[in-house]
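Morning, everyone. I have one model to walk through today. Here it is.

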Amino acid sequence: MAELHGISKASVQRIWHANGLKPHLVKTFKLSNDPKFISKLEDVVGLYMNPPENALVFCIDEKSQIQALDRTQPGLPLKKGRAGTMTHDYKRNGTTTLFAALDVLKGVVIGRCMPRHRHQEFLKFLRAIDKATPKHMDIHCIADNYATHKSRK
């Protein structure tokens, strides 16, 4: 490009930097082929932007296969001039799955760790959300299309 326009490479770099251009970076995206995508999108955004009265909107997701680790010895306490410490070795205690629901309006999270990542655990988590929510409030949950969320139960 520099040669084509008769300027130095450094000039091209300065122009790109001044305009926030990063031609070496590429972002990819995928368009949904769901024919109902637009109406679903409008429903989700509508719930976030204008939740119904007497309702809570939760954004739900999970993180599976979190390693449950313990250090072999306790770390030294923090003190002025010294960062916290921990041993380099650890004991493995298997894995866990974190289910979390974010109350979008309040910024409060309801979370539960469970040993497995199946629809049974997801249903148990939904019941925990129901218990933690005032009975007079409707609950709207927004989740992705993961198989765990699609059980008939």
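Predicted model: local features only at pLDDT ≥ 70, side-chain atom pairs only at ≥ 80, totals over all residues.

Phe 37, Ile 38, Leu 41, Val 45, Tyr 48, Met 49, Leu 102, Val 104 and Val 109 make up a nonpolar surface patch. Together they have about 790 Å² of accessible area. Which helix gives the most to that patch? Helix α3, residues 37-49, with six residues.

Take Leu 41 as an example. Leu 41 sits in helix α3. Its relative accessibility is 39%, so Leu 41 counts as partly exposed.

Now the charges. How many salt bridges are there? The count comes to two.

One joins the side chains of Asp 34 and Lys 40, at 2.5 Å from N to O. Asp 34 is at 26% relative accessibility, so it counts as partly exposed. Lys 40 is at 42%, and therefore also counts as partly exposed.

The other pairs Arg 118 with Glu 121. Their closest N and O atoms are 2.8 Å apart. Arg 118 is partly exposed, with 30% relative accessible area. Glu 121 has 9%. The cut-off for buried is under 20%, so Glu 121 is buried.

That brings us to helix α4, residues 119-132. Glu 121 is among its buried residues. Phe 122, Leu 123, Phe 125, Ala 128 and Ile 129 are buried there too. What do they pack against? Four strands: β1 (55-71), β2 (90-103), β3 (108-114) and β4 (138-142).

Last check, the helix span. Helix α4 has 14 residues, so at 1.5 Å a residue it should span 20 Å. Its end C-alpha atoms are 20 Å apart, which agrees.

Technical notes: Residues numbered from 1 in each chain as written. Heavy atoms only, no water. Helix = DSSP H or I, 4+ residues; strand = E, 2+ residues; numbered from the N terminus. Expected span 1.5 Å × (residues − 1). Buried < 20%, exposed > 50% of the residue type's maximum accessible area, 1.4 Å probe, protein only. Contact = heavy atoms within 4.5 Å. Patch = residues over 30% accessible without salt bridge, like charges linked within 9 Å, V, L, I, M, F, W, Y side chains within 5 Å. Areas by Shrake-Rupley, 256 points an atom, 1.4 Å probe, with all protein chains shown as cover. Salt bridge = Lys/Arg side-chain N within 4 Å of Asp/Glu carboxyl O.
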